[in-house]
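Please read the points below alongside the sequence and the structure.

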Amino acid sequence: MKITQADFIISAVQPHQYPDDALPEIALAGRSNVGKSSLINKMIMRKNLARTSSQPGKTQQLNYYRVNDMVYFVDFPGYGYAKVSKTQREQFGQMIETYIRDREQLKLQLLIIDIRHAPSKDDVLMYHWLKHFNIPTCIVATKADKIPKSKWDKHLKVIKETLEVDPRDSFVKFSSDTGLGRDELWAVITEATGTSGS
């Protein structure tokens, strides 16, 4: 995928703030600090468009990034971070549920899991929620460069078994440092959105 343009568009909280240009949307969900922003930056080959933070729980809206005037990446708030209040967590949950349930432009959900760790209860809940709403899902195992290749299969098996992964769902190993999985993930996205890969 050749990236000719990538822009941060809006941090949205309410549906009326979402872009209305009908481009397909790819949403990203995952625990705080799982590497969602780094993944977006690697996918669009920009160092800092998606702001990475050493402070977990910083994203508190749906952050929209438009790529090649062709597709949006929609970055969800990270979940499972203790310093976010219960009320905020409930608001995030409602905001994300409304988006997942009602957003026609959502063509693919990326569930981002750190390959080094078994999925959390929140990861399992999110995955089952996506299946409940029949949302096309791709599981992305990030930070693959942080463990030896010889251990990949073992760790991927844990992820698949913990989530009870539907074998029809796409599954991509990814590294924001080395670029592993970038082309594969773009192929999944272009197929899901019906857009060309150029």
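Predicted model: local features only at pLDDT ≥ 70, side-chain atom pairs only at ≥ 80, totals over all residues.

1. How many of the five residues of strand E4 are buried? Five of the five are, so the strand, residues 71–75, is largely enclosed by the rest of the structure. Buried here means a relative accessible area under 20%.

2. Strand E2, residues 25–30, runs parallel to E4 and is joined to it by four bridges. Within this pairing, isoleucine 26 is placed opposite phenylalanine 73 of E4.

3. Strand E3, residues 62–67, pairs with E4 through five bridges, in the antiparallel sense. E3 and E4 make up a hairpin, with three residues between the two strands. In the turn, asparagine 68 has a positive phi of about 55°.

4. The charged side chains come next. The model has 14 salt bridges by the rule applied. One of them links glutamate 97 to arginine 101, with 3.7 Å between the closest N and O atoms. Both residues belong to helix H2, residues 86–102, and are four residues apart, about one turn of the helix.

5. Is either partner of this pair buried or exposed? Glutamate 97, at 27% relative accessibility, counts as partly exposed. Arginine 101 is also partly exposed, with a relative accessible area of 44%. The partly exposed class lies between the buried limit of 20% and the exposed limit of 50%.

6. Arginine 101 has a salt bridge with aspartate 102 as well, at 3.2 Å from N to O. Aspartate 102 has a relative accessibility of 47%, so it counts as partly exposed.

7. Lysine 146 and aspartate 145 form another salt bridge, in which the closest N and O atoms are 3.4 Å apart. Lysine 146 has a relative accessible area of 44% and is partly exposed. Aspartate 145, at 31% relative accessibility, is partly exposed too.

8. Which residues are linked in a network of salt bridges? They are Lys131, Asp166, Arg168 and Asp169.

Terms used: Residues numbered from 1 in each chain as written. Heavy atoms only, no water. Buried < 20%, exposed > 50% of the residue type's maximum accessible area, 1.4 Å probe, protein only. Pairing = 2+ DSSP bridges. Salt bridge = Lys/Arg side-chain N within 4 Å of Asp/Glu carboxyl O.
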